[in-house]
Amino acid sequence: MRRWASKKAERFEESVIREMTRISTLENGINLAQGFPDFEAPLPMKEAAKRAIDADINQYAITWGSELLREAVAKRTSEYNRIPASGGSNVTICCGATEAMIATMLAVLDPGDEVILFEPFYENYGPDCWISGAVPKFCRLAAPDWAIDFDELERAFGEKTRAIVINTPHNPTGKVFSRSELEHIARLCIEHDVLAITDEIYEYILYDGAEHISIGSLAGMADRTVTISGLSKTWSATGWRIGWCIAAEEISLAIRKMHDFLTVGAPAPLQEAAAAALGFGESYFASLQREYTERRNVLLEVLEETGFGVSRPQGAYYIMCDLGDLARPAETDTEFAMRLLRDGGVATVPGSSFYADPTTGNREIRFCFAKKLETLRKAAAVLRERLA
Ligand SMILES: Cc1ncc(COP(=O)(O)O)c(C=O)c1O
């Protein structure tokens with residue numbers, strides 16, 4: 001019988017994260033697996049979307065994004081990320097950061113090029129490399145503080161290295177890359193003539209005074225960095241599918257071509273609403289941080305109390321835990337996660353799904369706390385009961 005799936009499609013499996021959400025629904029679980037909020041998006045943004053639909057903004061926007069949104073992204077990027085950007089030549093609006101990442105890789109990578117990924121990594125990056133014909137190379141971040149081993153990183157840079165993917169604040173660990181780490185990575189990029197692709201989707205979700213730094217703002221990096229972000233996390237609207245990337249004009253032109261033929265464009269009325277959201281004042285971002293700190297603390301407390309080995313996140317909205325003695329001796333992360341979820345339990349993501357070799361990370365598990373306090377308290381009660 002002829003096999004129809006391409007070699008590319010056979011290289012990777014369906015997303016474990018999204019699969020855990022499906023199983024959670026079947027098991028009537030509390031979903032702390034997939035990274036999306038169970039609370040509402042900001043009212044003024046929703047009202048702006050309604051106004052845009054009522055004003056009949058129903059047709060394709062300019063393929064690389066409405067001018068209003070590109071200008072709003074350029075302004076925020078210039079001010080917050082300290083990367084001078086123009087809506088005309090540097091910004092491309094995509095269907096989420098997800099599309100921005102694959103459009104970027106398709107735009108800059110040729111078959112056989114190598115891409116360095118920090119491991120553990122957000123699971124899309126592996127398939128993104130394979131779909132682009134590139135080969136991922138890994139550099140391990142070491143628990144519990146997820147430090148970079150710069151000797152290993154330097155060894156990963158070679159003749160074929162074309163790009164390095166940075167994700168700060170980092171999913172799944174909550175690491176926020178420091179200025180000195182980013183300066184070191186930038187030096188390597190310049191020395192080896194490599195592009196930095198940086199996923200900064202959690203850039204406003206920071207704790208305990210952590211500072212977000214964009215590698216694209218460092219000396220010599222503006223022309224060799226693609227900076228990706230979007231609406232999903234900061235504005236609690238993962239289903240709207242609005243994201244963007246900022247790049248030098250030559251790279252932007254290549255990305256815009258890929259984007260055009262992948263999706264034509266992001267949802268037009270929601271682009272209008274996104275432009276309004278980007279204009280929110282500083283108090284919006286301050287309360288986002290305050291509320292996430294409270295959510296993080298509720299989950300941290302119960303995870304520490306029940307015996308998980310916890311890495312305290314500096315950013316993003318996940319806690320990566322070591323299972324320690326909570327897992328039975330031969331129990332894998334996936335078996336543990338299923339035991340925790342069954343019959344109205346708590347859904348998590350098995351740690352192995354963040355590593356290239358699934359035997360790594362199989363004593364780790366990830367919890368998401370982008371949830372109402374009420375949901376987190378319910379989850380805490382279930383964890384206390386099941387793991388006591
Ligand atoms: C690191 C990272 N990048 C990108 C995304 C997806 O972003 P978007 O919804 O904008 O496609 C996620 C979602 O969990 C993520 O964790």
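Start with the ligand and T98: a polar side-chain atom of T98 lies 2.5 Å from an oxygen atom of the ligand, which makes a polar contact (a pair of N or O atoms within 3.5 Å; within protein, one must be able to donate a hydrogen and the other to accept it, and residues adjacent in sequence count only if both atoms are side-chain atoms). Then pick D199: an N or O atom in its side chain is 2.6 Å from a nitrogen atom of the ligand. Taken on its own, the ligand has 400 Å² of accessible area, and the protein covers 93% of that (Shrake-Rupley method with a 1.4 Å probe; for residues, only the protein chains shown count as cover).

A word on what you're looking at: this is a predicted model, so local features need pLDDT of at least 70 and side-chain atom pairs count only at pLDDT 80 or more, while totals for chains, interfaces and linings use all residues. Residues are numbered from 1 along each chain as its sequence is written, and side-chain values use heavy atoms, with hydrogens and water left out.

Of its 14 residues, A97, T98, D199, Y202 and S232 come nearest. Which helix gives the most to this shell? Colour α5 (residues 96-108), which supplies three residues; helices here are DSSP runs of H or I with at least four residues, strands are runs of E with at least two, and both are numbered from the N terminus. By class, the shell has six nonpolar, five polar and three charged residues (Ala, Val, Leu, Ile, Met, Phe, Trp, Tyr, Cys and Pro are nonpolar, Asp, Glu, Lys and Arg charged, and the others, Gly among them, polar).

Where does the ligand sit? In the second largest pocket, with "sits" meaning that more than half of its atoms lie within 2 Å of the pocket's grid points. On a 1 Å grid over the protein atoms alone, a pocket is an open set of points with protein on both sides within 12 Å along at least five of seven lines, a cavity is a set where a 1.4 Å probe fits but cannot get out, and lining residues have an atom within 4 Å of a point.

Now move to the largest pocket, which holds about 610 Å³ of space (points are joined across faces, edges and corners, and the volume is the space filled by probe spheres set on them). Of its 26 lining residues, select F12, E13, E123, P127 and S353, the closest to its centre. Colour α2 (16-26), α5, α6 (125-131) and β4 (135-142), the elements giving two or more residues to this lining. The largest share, five residues, comes from α6.

Last stop: the two cavities of 30 Å³ or more. The largest has about 80 Å³ of space, and its lining includes R76, E203, W235 and W244. Helix α4 gives the largest share of that lining, three residues. For the second largest cavity, at about 40 Å³, select L117, F118, F121, Y125, V165, I166, N167 and H170. Six of these lining residues are nonpolar, two are polar and none is charged.

Key: Near = heavy atom within 4 Å.
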